[in-house]
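These are my notebook entries on one chain. I list what I looked up and what I found in each case.

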Amino acid sequence: MKTALSITALGLVFLLALIAAGPSHEFEINQPVPQPEVYAEQMDALIAACNEKGAAEKTGFLEMGDGAALSRMRGYFFSQNKDWLVSQMMAACVNPTPQAVQYFADKRFFAVLHSFDPKMAKTYLAPWQERPSALSRLQ
């Protein structure tokens with residue numbers, strides 16, 4: 001009984017000592033916040049890629065049909081909302097890698113697409129969504 005009480009007392013003293021010491025500043029990791037220019041460069045590259053893929057349909061590659069049309073819509077959305085997307089990425093502290101920027105921008109694009117025109121949005125699924133079997137027969 002005395003040992004249990006002494007162990008509890010030691011634990012309490014140790015806990016109070018940790019609380020009194022306060023938070024340790026040695027383990028704070030201050031990562032630099034990416035500048036808006038970094039996100040803007042990534043968005044410019046994404047817009048260029050969308051426009052390039054969208055232009056493929058105009059040059060005669062008809063098998064790209066819906067994909068090229070979707071790329072043109074994405075490119076237009078990204079170019080019209082670039083400043084807004086960059087500010088949203090800054091607020092969300094998105095990793096400035098091309099993949100993270102594209103994922104963030106695509107997520108915003110498909111959210112807008114699905115909210116404004118549900119009939120059209122059924123044919124265009126986000127890359128991370130599963131294609132329903134009814135639509136897979138059409139391809």
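**Entry 1. Nonpolar core.** I began with the largest nonpolar core, which has 18 residues. Within this core, the residues that touch the most other members are Tyr39, Met43, Phe78, Leu85, Met89, Ala105 and Phe109. I then asked which elements give two or more residues to the core. They are α2, α3, α4 and α5. The most comes from α5, which gives six residues. I note for the record that the model is predicted.

Leaving aside residues up to four places away in sequence, Phe109 touches Leu70, Met73, Arg74, Phe77 and Phe78.

**Entry 2. Aromatic pairs.** I searched for ring pairs and recorded four aromatic pairs. One of them joins Phe77 and Phe78, with 5.9 Å from centre to centre and 65° between the planes. I class this pair as edge-to-face because the angle of 65° is over the cut-off of 60 degrees. Both Phe77 and Phe78 are buried. Ring pairs also link Phe77 and Phe78 with Phe109 and Phe110 in a cluster.

**Entry 3. Salt bridges.** How many salt bridges does the structure hold? I found two.

The side chains of Asp44 and Lys82 form a salt bridge, at 2.5 Å from N to O. Asp44 belongs to helix α2 (residues 36-58) and Lys82 to helix α4 (residues 82-92), so that this pair, 38 residues apart, links distant parts of the chain. Asp44 has a relative accessible area of 39% and is partly exposed.

The other bridge is formed by Arg74 and Asp106, whose closest N and O atoms are 2.9 Å apart. Here too the pair links distant parts of the chain: Arg74 is in helix α3 (residues 65-80) and Asp106 in helix α5 (residues 98-116), 32 residues apart.

**Entry 4. Two single residues.** I looked up Asp83, which is placed in helix α4. Its relative accessibility is 66%, and Asp83 therefore counts as exposed. The C-alpha atoms of Asp83 and Met43 lie 9.6 Å apart in space, although the two residues are 40 apart in sequence.

I then turned to Ser71, in helix α3. Ser71 counts as buried, with a relative accessibility of 3%. Which residues does Ser71 touch, not counting those up to four places away in sequence? I recorded Cys50, Lys53 and Gly54.

**Entry 5. Cysteines.** A disulfide is a covalent bond between the sulfur atoms of two cysteines. I searched the whole structure and found zero disulfides. I noted the surroundings of two cysteines. Cys50 is buried, at 2% relative accessibility, and is one of the residues in contact with Ser71. Cys93 is exposed, at 58%, and sits in the loop between α4 and α5.

I also looked at the backbone of Cys93. Most residues other than glycine have a negative phi. For Cys93, phi is near 55°, a positive value in a residue other than glycine.

**Entry 6. Overall layout.** I counted seven helices and zero strands in the chain. Along the sequence the pattern reads α-α-α-α-α-α-α. The chain has 139 residues, of which 24% count as buried. Of the contacts between residues at least 6 apart in sequence, 54% join residues at least 24 apart.

**Entry 7. Confidence.** The mean over the chain is 74, with 58% of residues at 70 or more. Where is confidence lowest, and where highest? Helix α7 (residues 133-136) is lowest, with a mean of 46, and α4 is highest, at 91. Over residues 132-139 pLDDT stays under 50, and the model has five contacts beyond four places in sequence for that stretch.

Conventions:
Residues numbered from 1 in each chain as written. Predicted model: local features only at pLDDT ≥ 70, side-chain atom pairs only at ≥ 80, totals over all residues. Heavy atoms only, no water. Salt bridge = Lys/Arg side-chain N within 4 Å of Asp/Glu carboxyl O. Helix = DSSP H or I, 4+ residues; strand = E, 2+ residues; numbered from the N terminus. Buried < 20%, exposed > 50% of the residue type's maximum accessible area, 1.4 Å probe, protein only. Core = buried A, V, L, I, M, F, W, Y, C linked by side-chain atoms within 4.5 Å. Contact = heavy atoms within 4.5 Å. pLDDT = per-residue confidence, 0-100. Disulfide = S-S within 2.5 Å. Phe/Tyr/Trp six-rings, centres within 6.5 Å; stacked < 30°, edge-to-face > 60°.
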